[in-house]
Amino acid sequence: ESSEYNTKMSNVVTLEGNDEEGYWYDLLALIQELPNDLDISQLTEFSINMPLLVKLPDNLDTSNLEGFNIANCRSLTSIPDLNFSKLTSFSMDGCSNITSVSNLNLNNLTFINHIFADCTNLIDVPQFDFSNVVIEDIDVNMFVGCENLSDESLNNILATLNTVSFSSMVDEVGRRLSIFGLSEEQANKCK
């Protein structure tokens with residue numbers, strides 16, 4: 001029983017290599033799939049940084065998560081349908097092979113920063129309702145490096161932008177588009 005792989009986890013888990021000797025980093029760098037019976041139902045925060053990870057389990061119970069962060073999972077190609085009913089913070093940074101996030105419901109977020117930064121192959125983005133978000137900093141760069149976004153996605157981003165509350169220091173639409181990390185060419189495609 002003690003040798004059995006235990007997939008139950010504590011309240012907060014971060015899977016990334018950051019110990020001094022680099023042992024965890026070396027081990028995690030080799031993992032391509034998380035176990036299908038991974039139980040994160042009691043977690044409030046989940047964070048992974050695994051460059052070779054190709055797939056997240058389809059049946060992750062994310063209903064209690066308040067924070068979900070996947071970084072530099074360059075081999076990951078899709079995100080399964082996940083229930084983010086309590087999620088307030090989300091980041092998917094450097095996941096360069098993800099092409100669509102149209103199945104994500106991020107409407108409860110209260111904090112956004114670099115959400116899809118450097119997801120270079122991202123094409124499809126739905127319209128989100130970020131009415132719970134107040135942006136006070138001009139360094140959000142939500143879509144920086146996402147050069148392949150479809151025209152429909154760019155318009156969805158513009159519609160999302162209209163749901164966000166901005167502090168008085170961020171008062172013009174062009175500046176707001178740059179906050180989202182859109183290039184001038186991308187911003188000009190928005191209707």
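**View 1. Glu-45 stands opposite Gly-67 of strand 3 in this predicted model.** Strand 2 (residues 45–48) and strand 3 pair in the parallel sense over four bridges; pairing requires at least two DSSP bridges between the strands. Strands are DSSP runs (E, at least two residues), numbered from the N terminus. Residues are numbered from 1 along each chain as its sequence is written. In this predicted model, local features need pLDDT of at least 70 and side-chain atom pairs pLDDT 80 or more, totals for chains, interfaces and linings use all residues, and side-chain values use heavy atoms, without hydrogens and water.

**View 2. Phe-68 stands opposite Phe-90 in strand 4.** Strand 3 and strand 4 (residues 89–93) pair in the parallel sense over five bridges. Four of the five residues of strand 3 are buried (under 20% relative accessible area, 1.4 Å probe, protein chains only).

**View 3. The structure holds seven aromatic pairs.** Rings of Phe, Tyr and Trp (its six-membered ring) pair if their centres lie within 6.5 Å; planes under 30 degrees apart count as stacked, over 60 as edge-to-face and the rest as tilted. Phe-46 and Phe-68 are stacked, because their ring centres are 5.8 Å apart and their planes at 25°. Both Phe-46 and Phe-68 are buried. Phe-90 and Phe-116 form a tilted pair, 5.9 Å centre to centre with 55° between the planes.

**View 4. Strand 1 (residues 12–15) has the lowest mean pLDDT among the elements of the protein chain, 50.** pLDDT is the predictor's confidence in each residue, from 0 to 100. Over residues 17–24, pLDDT stays under 50.

Key
Contact = heavy atoms within 4.5 Å. Buried < 20%, exposed > 50% of the residue type's maximum accessible area, 1.4 Å probe, protein only.
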